Amino acid sequence: MTIGILGAMNEEISLLLEHYKDYETIKFGGNTFYKVNSNHTIIIASSRIGKVFSTLSAATMVLHFKCEKMIFSGVAGGVNSDYRIGDLVLGVELCQHDVDITAFGHPYGYISNGKIFTKTDEFLTNLALDIATKEGYKIHKGIIATGDQFIHNKERKEWIKKEFKADAIEMEGASVAVACDNLNVPLCVIRAISDNAGDEALISYEEFLDEAARKSASLVIKMIEQL
Ligand code: ADE
């Protein structure tokens, strides 16, 4: 099987490249992809930040590299007050909090002929949950809100929480989910909490980015062993 593992930033895939060591580097479509032959063929990439670049990389992984399952790994801002820095969250449903065509009478997050919430794959998500629980990681299933904004403002965070019942916020999950849903490829979105998306978010993010990114990637490595 060919499996795609996508992060947004190099920090989110560095543990994977250290772990698999032996990989081929392929440049395609303006990005760099790393091909590993282990128990499966694995294609690893960091898309660059945001919805546009992550959609491009996800579609490239599926259409060009023929990935049959996709896993997104990275960090997120916690919105749910039960979430702590370092906790893992599995995105069960993802939405785009920055989509606004309310002028036409549509709800926030809605694009014509689209869905407000896109679901991820139940099998992959439950596999991640089982493995993480056995390994003693603190992990949640939740709603993830995605947008082209780093949220570091209590009011905006509270608005996203209220409007979408979001548990975590990041910048790529929903766009990758839309790509995978439309291309019929199962997806799992794993995020580790690096900050609380409030006024102190930037300080916390800078402190915990590496540790949180590596925690998420370590769960991905264990998942691949069991797929
Ligand atoms: N990724 C990690 N923390 C984030 C935040 N506060 N906003 C958006 N994306 C994030």
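**Exercise 1.** How are H3 and H6 oriented to each other? Work it out from their axes in this predicted model.

*Solution.* Let's begin by locating the two elements: helix H3 covers residues 122-134, and helix H6 covers residues 201-226. Next, take the packing angle, which is about 110°, with the axes 10 Å apart. Angles of 65 to 115 degrees count as roughly perpendicular. H3 and H6 are therefore roughly perpendicular to each other. The crossing in which H3 passes H6 is right-handed.

To see who makes this contact, look on the H3 side for Leu-124, Leu-127, Ala-128, Ile-131 and Ala-132, and on the H6 side for Leu-219, Lys-222, Met-223 and Gln-226. Sorted by class, the contact of H3 with H6 has seven nonpolar residues, one polar and one charged.

**Exercise 2.** Now describe how H1 packs with H6, and sort the contact residues by class.

*Solution.* Start with the geometry: the axes of H1 and H6 come within 7 Å and cross at roughly 45°. The two helices are therefore oblique to each other. Their crossing is right-handed.

Then collect the residues. H1 brings Glu-11, Glu-12, Ser-14, Leu-15, Leu-16, Glu-18, His-19 and Tyr-20 to the contact. Their partners in H6 are Leu-209, Asp-210, Ala-213, Arg-214, Ala-217, Ser-218, Val-220, Ile-221 and Ile-224. Finally, the classes: nine nonpolar, three polar and five charged residues make up the contact of H1 with H6.

**Exercise 3.** Find the salt-bridge partner of Glu-12, and say where each residue sits.

*Solution.* The structure holds eight salt bridges. One of them joins the side chains of Glu-12 and Arg-191, at 3.7 Å from N to O. Now place the pair: Glu-12 belongs to helix H1 (residues 10-20), while Arg-191 belongs to strand S10 (residues 187-195).

**Exercise 4.** Characterise the packing of helix H2 (residues 51-63) with helix H5 (residues 173-182).

*Solution.* First, the angle is about 35° and the axes lie 8 Å apart. Second, H2 passes H5 in a right-handed crossing. Third, the H2 residues Lys-51, Ser-54, Thr-55 and Ala-58 meet Ser-175, Val-176 and Ala-179 of H5. Sorting the contact of H2 with H5 gives three nonpolar, three polar and one charged.

**Exercise 5.** Which domain does UniProt place at residues 2-225, and how much of that span is helix and strand?

*Solution.* The unreviewed UniProt entry gives the feature "domain: Nucleoside phosphorylase" for residues 2-225. In the model, that span is 37% helix and 29% strand.

Conventions:
Residues numbered from 1 in each chain as written. Predicted model: local features only at pLDDT ≥ 70, side-chain atom pairs only at ≥ 80, totals over all residues. Heavy atoms only, no water. Axes fitted to C-alpha atoms, helices over the stretch in contact; angles between N-to-C directions. Helix = DSSP H or I, 4+ residues; strand = E, 2+ residues; numbered from the N terminus. Parallel < 35°, antiparallel > 145°, perpendicular 65-115°, else oblique. Left-handed = near helix turned anticlockwise from the far one by under 90°. Contact = heavy atoms within 4.5 Å. Nonpolar A, V, L, I, M, F, W, Y, C, P; charged D, E, K, R; others polar. UniProt positions renumbered as here; feature names shortened; annotations may be inferred. Salt bridge = Lys/Arg side-chain N within 4 Å of Asp/Glu carboxyl O.
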